Amino acid sequence: MSLHEPKPLDVGETPDGTVDHDELEALLGETVIGREEHVNAPAFVVRPDEVQNALFALRDEAGFDYLSCVTAQQYEDRYESIYHLKKYDDPTQEVGIVVPTPIDEPISQTGEPVYRTADWHEREAYDLIGINYDGHPDLRRILLPETWQGHPLANDYNPEKPQVVPFRKHANPLQPDTRGEGAKSDTMFLNFGPHHPATHGVLHVKAVLDGEQIAHVEPDIGYLHRCEEQMCQQGTYRHQIMPYPDRWDYVSAGILNEWAYARAAEDLADIEVPEYAQVIRTMSAELCRIASHMLALGTFALDVFGDFTAVFQYAFRDREVVQDILEELTGQRLMFNYLRLGGVAWDIPEPRAEFFEQVRDFLDGLPEKTKEYHNLITSNEIFQVRCVNTGELPPKVAKQYGATGPVARGSGIDLDLRRDDPYGYYEELDWDVITEDGCDNYSRVLVRMQEVEESAKIIEQCVELLEDWPEDEREIQSNVPRTLKPDADTEVYRGVEAAKGELGIYIRSDGTDKPARFKIRSPCFCNLHTLREMTEGEYIPDLIASLGSLDIVLGEVDR
Amino acid sequence: MIGMLKSMATTMKHALDGEKFTVQYPEETPDISPRFRGVHKFSQERCIWCRQCEKVCPNDTIQIVTDDKRNGEQYNLHIGQCIYCRLCEEVCPVDAILLTQNFEFTGDTKDELAYNKEQLKNVPWYKDIDPLAAREPDREAWVGEGEGEVDYQ
Amino acid sequence: MLQGAPLPERLVELLPFGSGPLGTAIAALVGAAIVGTLMMTMTAVAGPWAKRKVTAAFTDRYAVNRLGPFGLFIIVADAVRLLSKELIVPEGVDRPAWDLAPVVLAFSALLGFAVIPMGSGIHLADPEVGLVYVFAVASIASIGLVMAGYASNNKYSMLGGLRAVAQNLAYEIPLVLIAASVVLFAGSLQMSEIVAAQAEPLVDLGVVTIPTWYAFVNPFAFVLFIIANLMEIGRNPFDIPEAPTEIVAGYQTEYSSVYFVLIYLGEFLHIFLGGAIIATIFLGGPAGPGPESLGLLWFLVKIWAVYLFTQWARSALPRLRIDQLIEVGWKGMLILAFANLVLTAVIVGVIA
């Protein structure tokens, strides 16, 4: 008897790890009224009043425990919400649930009781598109102000209409003092942010305090909403979208974001990427991951140490080295705009040996620096008492909230799209997925620190490959038409493992050279949603530490 | 306790070794990659007024005015609005617009950052580096014809 | 007495006002002005300049180096900058308390220096209860913190004020208990007596004589006192009442301009007062090699060493959580302080 009892197959799962969609359709039975083919996976059209039944069946019987994203959009004749479902065990097993609702009565049953993460996704859909979710516990606007007129991504939205906010209504949005049971409540309402030293940007956390303890917290987002989805919908596939992903997660994770768009668009338009370009992509993306994790480490230390102290500066010093390398390669330090559909913009800079030496120097110095970080941070007893067993996020809860990336891996969830849903050159390389079972702030820090080492491994192998690459096979871009016009009504949802977790892109084409719907599934958005689970009942400093350990970038949360 | 002492020893080591990682900026100028994308430089002699840069620009930073015979009259570029993606340089078939390494520019108002073609022509090279040579290798990949329709001009 | 007569008494003889009440008062004022100016100068150097330089050294950076030699003139520039800013009085502040708090903070620290023997004859007063006096006035600062926190009409300030009180209660008792162990050795609360008691040689190695500084006699108490002192002056890892990343700036959130300067000044004065207490009761006060007139120099070296230590700790140690601090204070420090006291009492009893 083997130690690893093979997991019993879920309904609709074939022994070789793919999804039998006919079996799923049988499982869903009456709720299904049609079927669509998306590029990534088939999708079932479900009646708007049977959403929960369908989702419950898929979650409990077919094992789809991961609601990756909810995309809402408006067609000429209907609204549509698409639930992109995956499995934490094997994210290549995907299925979509398409819920059409009529234009005149856009009411759809909420999926929130099945997946907690649907809460925010559906609020966003309500906010931007205008679909009402029946039974949703808290259907308010999430990105736009509560007084906003109209739903900006709906077809009938009139951008010319003045947004009048009566002063009385918003005389002082931060005014109300007590929350909770009546006037006798001895809790205190406190606003963290939008301008607070530790919110990593313009995040507003509404906290109800019981003394120093957190009774309730609610993140209020949207202060940095820049209409990134709409901007992408107005850019051409071929050129104009690529500069923008850099600006979602703008703290040096640019190439990872670009890859998310590149992967989705390449699947959509069926573009091949030369192997050489894949290796360069892999290397540059991992450099970005190191830079991003260094920043996460530095700012987390900032939150816990409490001043612009040494750890922050050391982390930035090391990040600077990575940025210098990336500047040599891409020509920019943060807004790289380096990937192109079908490849990358530039080959390794000449003289190549010098560039590789620069990368090697960095990699060689890394173990010593890692040791220094461990001396400074993780082995420090005060740091340990601050971080161990605070901000706990059990794996079950994390899955409910759709947490990904280091946050999920710090909760012991073994999910990494680089390995589980391979792209680029990762499959050919030798590296490990890091997980920690602590589920606390400390585990998340450890995961990031070890991932830096794994990334270094990947980069080292890529450099070796690139050095020996025959000169006449260095093709950096495949032949891609100057104007891309994917077939009308092709839909794709693809995710990559960005620095913060799964960055997913949904694109629907309408036959023109610009996407008809461009939806960004931001990992920070979902990870931030877990904040409440992590912090309630803990102390104010734990709230700050947990927020720091989530490593959110508001540019990506609000998009 | 040992961990805390180790932390303190680490920072003390840094304090004593006297190494600095910051630079004293105006005196010590940073080394900048030849690929770095800074303020644009425009060459009217080269420009053929094909308007590809204007068309490819993701956020309408470039404004070109031509007369009715398609002779160029104005070439305006708002360097405060530009996102420095270098797409204009990539599509330009004659290297008429280039992104120099020059990152030092100021203006008291936004209007001052809207450069016309004279101002764009006078943008200085950074440390006299002409970035064109360093960027040549990738040009083939772009100027080479794709299979799709060519929808400009 | 080791240091001779206190400073004002000698000033009376130097000044042409006679030894009547007027002359004594003027001499006392002049003496206080000398000490006050000296400590303010230390603070001015430490606050805008030394802190930046030291932090920069720990973080591998350059720091202020443009104005004057080593950037020292930044002190002037910063003073002008801070004082010329608008004094913003938020709506609904509790006026007299809000205005008084910065003054209380700064002066509670300054008052403490009155009984510190600084060497080279600078010693304003030498009451018999000097040690008690210095702890008493230093603790007035806590009232200032609560006043600032409560009167600011700001929840962050309020939290900071409450944290300050909680922290105050947790550290003050161990601090005094450890100091009491020194009193057991010295047999006096008078500062000059404590300093004098430390002058005797502990070990004579021929070339160097190690004096009976209580840091050498009882290193355990010394370490405990340094930790308790970090708590007292609210520096990392115990800067919980300010906690910049948690409660913005704690009790000082709403203060600007002159009031901010006073609070900032008060903080640094408190660091130096903490250093002065450590120097006096553990490091032999102004004692050091060389002639006795160099005493002030040695005293300054000692308080700067304590200051640099706070900055060192700041560079490397994370901040504790408030409940953890209370736990350390009541369950750890207090017990250790008692143990130290009992141990000292036994040792002193056996020797005597």
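Two residues are in contact if their C-beta atoms, placed from the backbone, lie within 7 Å. Keep that rule in mind for the views below.

This is a predicted model, in which local features need pLDDT of at least 70, side-chain atom pairs count only at pLDDT 80 or more, and totals for chains, interfaces and linings use all residues. Residues are numbered from 1 along each chain as its sequence is written, while chains are lettered from A and ligands numbered from 1 in the order in which they are written.

**View 1. The surroundings of C:F272.** Leaving out residues up to four places away in sequence, C:F272 touches C:M39, C:M42, C:T43, C:I303 and C:Y307. Chain C has a mean pLDDT of 83, and 97% of its residues reach 70 or more; pLDDT is the predictor's confidence in each residue, from 0 to 100.

**View 2. The largest nonpolar core.** A nonpolar core is a set of buried Ala, Val, Leu, Ile, Met, Phe, Trp, Tyr and Cys residues joined through C-beta atoms within 7 Å. Here, a residue is buried if 20 or more other C-beta atoms lie within 10 Å of its own, exposed if 12 or fewer, and partly exposed in between, with C-beta atoms placed from the backbone. The largest core has 273 residues, and A:I97, A:L256, A:A301 and C:F272 touch the most other members. Helix α6 (residues 275–305) of chain A supplies the largest share, 19 residues. Helices (H or I, at least four residues) and strands (E, at least two) are DSSP runs, numbered from the N terminus. Because domain 1 (21–134) and domain 2 (228–558) of chain A both give residues to this core, it lies between them; the domain bounds come from an automatic or database domain assignment.

**View 3. Where the two domains of chain A meet.** The centres of domain 1 and domain 2 of chain A, taken over C-alpha atoms, are separated by 28 Å. Their contact takes 19 residues from domain 1 and 27 residues from domain 2. On the domain 1 side, strand β3 (residues 66–74) of chain A brings the largest share, 6 residues.

**View 4. Chain B against chain A.** Here 29 residues of chain B are in contact with 33 residues of chain A. Helix α1 (residues 2–17) of chain B gives the most to the chain B side, with 7 residues. That side has 13 nonpolar, 8 polar and 8 charged residues, where Ala, Val, Leu, Ile, Met, Phe, Trp, Tyr, Cys and Pro count as nonpolar, Asp, Glu, Lys and Arg as charged, and the others, Gly among them, as polar.
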